[in-house]
Structures are given as C-alpha cells and as structure tokens.
Amino acid sequence: MEIVQQTGTQVVQAGALALQSGSGNVAPSNGEYLTFRLGQEEYGIDILKVQEIRSYEQPTRIANAPDFIKGVVNLRGVIVPIVDLRLKLGCATAEYNSFTVVIVLNVKNRVVGAVVDSVSDVLELNREAIRPAPELSASAVNTSFIMGIGAVSERMLILIDIEGLMSSADMGLMDSIAG
C-alpha cells in the first residue's frame with residue numbers, strides 16, 4: 001500500500017477487494033473522509049456532510065434529553081443541537097479538553113453538531129482501500145451505521161454513515177417522515 005501526498009490530502013491506493021457488505025449497508029465509493037478520534041479509535045465521515053469544525057463550547061442543556069444530546073448552541077442565528085458521539089457510540093470516557101471539537105454537519109438539510117475527541121485529517125480513499133463492515137449479531141452490536149473499514153497503512157479507519165446515524169429514530173433529531 002502506498003500513500004501519495006496530493007494537494008493537502010492523502011491519496012490511498014491499495015490492491016484490496018471491493019466492499020461487498022451483506023449487512024445492507026451502502027458501499028462507500030471513492031471520496032474524501034474527515035477523520036476524527038473517539039477514545040483510541042479513529043473514524044471517518046464523508047467530508048461533504050461537514051459544514052465546519054469549531055472548538056467545543058458548553059451548550060445550553062435541554063431538560064429530559066438523552067445523555068448523548070449535550071444541548072444546543074447558537075451558531076450565527078441557527079440553534080444547533082449538539083450530540084456527543086463519544087457517549088452515543090459507547091466510549092468509556094468523554095473528557096472535555098483543548099483538543100475536543102464540534103464537527104458541524106449538514107444532515108438532511110438540518111444543521112447538527114457532533115462532539116469528538118479530536119480531528120485528524122482529510123483522507124481520500126479509493127474503494128479498493130475499504131473493507132466490508134464486520135458482520136456481527138444485531139442483538140450484540142449495532143453495525144448498521146458502519147459503512148466499512150478503511151485500511152490506511154497500519155491504521156484502521158471506521159467509516160460511519162453519519163447521515164444515517166444522525167437521522168436514526170433513537171437520536172430524535174429528525175422527523176420520522178423526513179427523507
């Protein structure tokens with residue numbers, strides 16, 4: 001596997017198998033992914049869903065919201081719900097420090113903030129560099145939001161369907177009839 005530096009992003013080329021997931025997930029295509037860390041794991045989301053990256057600021061709490069919904073912030077006149085992905089995805093701890101950031105996303109024409117430990121970089125992944133998501137029992141682990149695993153040198157990058165995750169019914173952020 002070789003990594004070639006190209007205009008500020010890394011291009012990954014590999015001779016791997018194309019993604020064929022039996023879990024019904026949409027196979028990711030060539031594209032750029034914003035990478036970020038949650039605990040010790042590294043994740044990637046479609047860069048086209050990212051509106052901006054901001055430093056973490058304490059949101060205004062909303063009563064009776066689930067733990068992973070930290071509250072709302074006013075972003076240039078738009079009230080944005082803030083979701084802590086560390087809590088949503090079951091990370092052991094969620095520390096707030098100088099590296100903690102909010103990735104502001106545009107999901108189904110709705111602005112949502114996602115708290116992560118840190119943002120790493122933007123990677124361009126060829127389809128061949130993406131492996132299928134592991135097939136696990138749905139009762140044990142919900143893998144429906146994992147599009148695949150990106151292989152980048154020695155790194156494993158979990159590719160998340162951020163639109164599917166943020167618009168899932170348990171998040172309560174989107175209308176159930178929104179499409």
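## Nonpolar cores

Within the largest nonpolar core, which holds 27 residues, Ile-45, Leu-85, Leu-105 and Met-166 touch the most other members. A nonpolar core is a set of buried Ala, Val, Leu, Ile, Met, Phe, Trp, Tyr and Cys residues joined through side-chain atoms within 4.5 Å, where buried means under 20% relative accessible area with a 1.4 Å probe, protein chains only. Two or more residues each come from strands 3 (31–38), 4 (41–46), 8, 9 (110–116), 12 (146–152) and 13 (155–160), and from helix 2 (162–166); strand 8 gives the largest share, four residues. Helices (H or I, at least four residues) and strands (E, at least two) are DSSP runs numbered from the N terminus.

Another core of nine residues lies apart, including Val-73, Ile-82, Val-102 and Val-111.

## Lining of the cavity

The lining of the largest cavity includes Val-73, Ile-82 and Val-102, together with Arg-54 and Glu-57; lining residues have an atom within 4 Å of a cavity point, on a 1 Å grid over the protein atoms alone where a 1.4 Å probe fits but cannot get out. Strands 5 (50–55), 6 (69–75), 7 (78–84) and 8 (101–107) each supply at least two lining residues.

## Model and confidence

The model is predicted: local features need pLDDT of at least 70, side-chain atom pairs count only at pLDDT 80 or more, and totals for chains, interfaces and linings use all residues. Residues are numbered from 1 along each chain as its sequence is written, and side-chain values use heavy atoms, without hydrogens and water.

The chain has a mean pLDDT (the predictor's confidence in each residue, from 0 to 100) of 78, with 74% of residues at 70 or more.

Definitions and conventions
On a 1 Å grid over the protein atoms alone, a cavity is a set of points where a 1.4 Å probe fits but cannot get out, and a pocket is an open set with protein on both sides within 12 Å along at least five of seven lines; lining residues have an atom within 4 Å of a point. Buried means under 20% relative accessible area, exposed over 50%, partly exposed in between (1.4 Å probe, protein chains only).
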